[in-house]
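Trainee: Can we go through this one together, a question at a time? I'd like to see how each answer is reached.

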Amino acid sequence: MSFFHAGPAPKGLGPRPGALRDGLGLQPGMKVGLFGGSFNPAHDGHAHVAETAMRRLGLDRVVWLVSPQNPLKSSRDTAPLSARMASARAVAATVGPAMIVSDFETRAGVQWTVDTLRVLKARYPGVQFVWLMGSDNLASFHRWRGWTDIMHLMPVAVIARPGSQLDSRSAPAASRYARFRIPAPRAGLLPSLEAPAWTYLTAPLNPRSSTAIRRGEASNLRGG
């Protein structure tokens with residue numbers, strides 16, 4: 001199987017140093033989880049992923065990166081950014097003040113996750129970043145633009161989600177990077193490790209999903 005590499009960052013990618021006010025307030029030495037998504041809408045399943053990662057990895061902050069528009073999804077089914085930001089803020093607040101909800105990608109003018117992570121690493125040297133995602137995303141991670149570059153940019157933590165545990169553990173990304181997997185009992189070491197390094201975390205599963213919520217809302221509108 002062949003894999004796509006995004007290659008080096010395009011020249012001039014992202015904002016000039018000091019030209020962007022992102023409100024993140026991150027400091028060198030912090031352990032920070034980056035949790036990206038459409039959050040269309042955000043729900044307690046997202047909170048479960050963020051809270052599990054924060055507790056098991058010993059993170060100081062989790063940044064919820066609300067995507068301006070997922071390039072792999074239809075814009076017709078995506079609520080306006082302002083609505084998704086509000087949704088994410090409401091759900092993140094249930095976890096605690098260490099959650100930061102950000103429209104960084106919109107402010108920085110980046111679309112692909114691999115570019116977002118490059119910009120953040122360049123902007124915040126000394127911060128120990130970890131990319132966070134649910135196991136449902138790991139199952140299709142090999143289809144993301146520059147996914148192997150992401151694996152080499154920063155450690156990755158995968159949190160189990162209902163219905164995808166078995167598929168995700170046998171996913172191409174899991175197979176390709178099997179020798180870099182950190183056992184869950186040692187997950188607290190992950191933020192300080194050099195990439196590639198990843199772990200798979202299980203916890204009591206939360207079945208909520210944005211897709212199911214949208215389908216339920218559409219059914220209610222039809223009177224179903």
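Trainee: Is Glu-105 buried or exposed?

Mentor: Ground rules to begin with: this is a predicted model, where local features need pLDDT of at least 70, side-chain atom pairs count only at pLDDT 80 or more, and totals for chains, interfaces and linings use all residues. Residues are numbered from 1 along each chain as its sequence is written, and side-chain values use heavy atoms, with hydrogens and water left out. Buried means under 20% relative accessible area, exposed over 50% and partly exposed in between, using a 1.4 Å probe and protein chains only. Glu-105 has a relative accessible area of 6%, so the answer is buried.

Trainee: Which residues is Glu-105 in contact with, leaving aside its neighbours within four places in sequence?

Mentor: Contact means heavy atoms within 4.5 Å. Glu-105 lies in helix H3 (residues 104-108); helices (H or I, at least four residues) and strands (E, at least two) are DSSP runs, numbered from the N terminus. With those sequence neighbours set aside, Glu-105 is in contact with Leu-65, Val-66, Ser-67, Pro-68, Val-110, Gln-111, Thr-113 and Thr-116.

Trainee: How many of the residues of H1 are buried?

Mentor: Helix H1 covers residues 44-57 and reaches 19 Å from its first C-alpha to its last, close to the 20 Å expected at 1.5 Å a residue; that expected span is 1.5 Å times one less than the number of residues. The buried residues of H1 include His-46, His-48, Val-49 and Met-54. H1 is largely enclosed by the rest of the structure, because the buried count is 10 of the 14.

Trainee: Which residue in E5 is the bridge partner of Trp-131?

Mentor: Strands pair here if DSSP finds at least two bridges between them. Strand E4 (residues 128-134) runs parallel to E5, with four bridges joining them. On E5 (residues 156-159), Val-156 and Val-158 point one way and Ala-157 and Ile-159 the other, all of them buried. The E5 partner of Trp-131 is Val-156.

Trainee: And in E7, which residue is the bridge partner of Ala-157?

Mentor: E5 also pairs with strand E7 (residues 198-201), in the parallel sense and over four bridges. Across that pairing, Ala-157 has as its partner Thr-199.

Trainee: What kind of aromatic pair do Phe-141 and Trp-144 form?

Mentor: Rings of Phe, Tyr and Trp (its six-membered ring) pair if their centres lie within 6.5 Å; planes under 30 degrees apart count as stacked, over 60 as edge-to-face and the rest as tilted. The whole structure has eight such pairs. For Phe-141 and Trp-144, the centres are 4.9 Å apart with 75 degrees between the planes, which makes the pair edge-to-face.

Trainee: Why is the pair of Tyr-177 and Phe-180 put in its class?

Mentor: Both residues belong to a ring-pair cluster that also links Trp-131, Phe-141, Trp-144 and Trp-147. Tyr-177 is buried at 3% relative accessibility, while Phe-180 is partly exposed at 21%. Their ring centres are 6.0 Å apart and the planes sit at 45 degrees, so the pair is tilted.

Trainee: How many residues does the largest nonpolar core have?

Mentor: A nonpolar core is a set of buried Ala, Val, Leu, Ile, Met, Phe, Trp, Tyr and Cys residues joined through side-chain atoms within 4.5 Å. Phe-141 and Trp-131 are among those with the most contacts inside the largest one. A second, separate core of 29 residues includes Val-49 and Val-66. For the largest core, the count is 36 residues.
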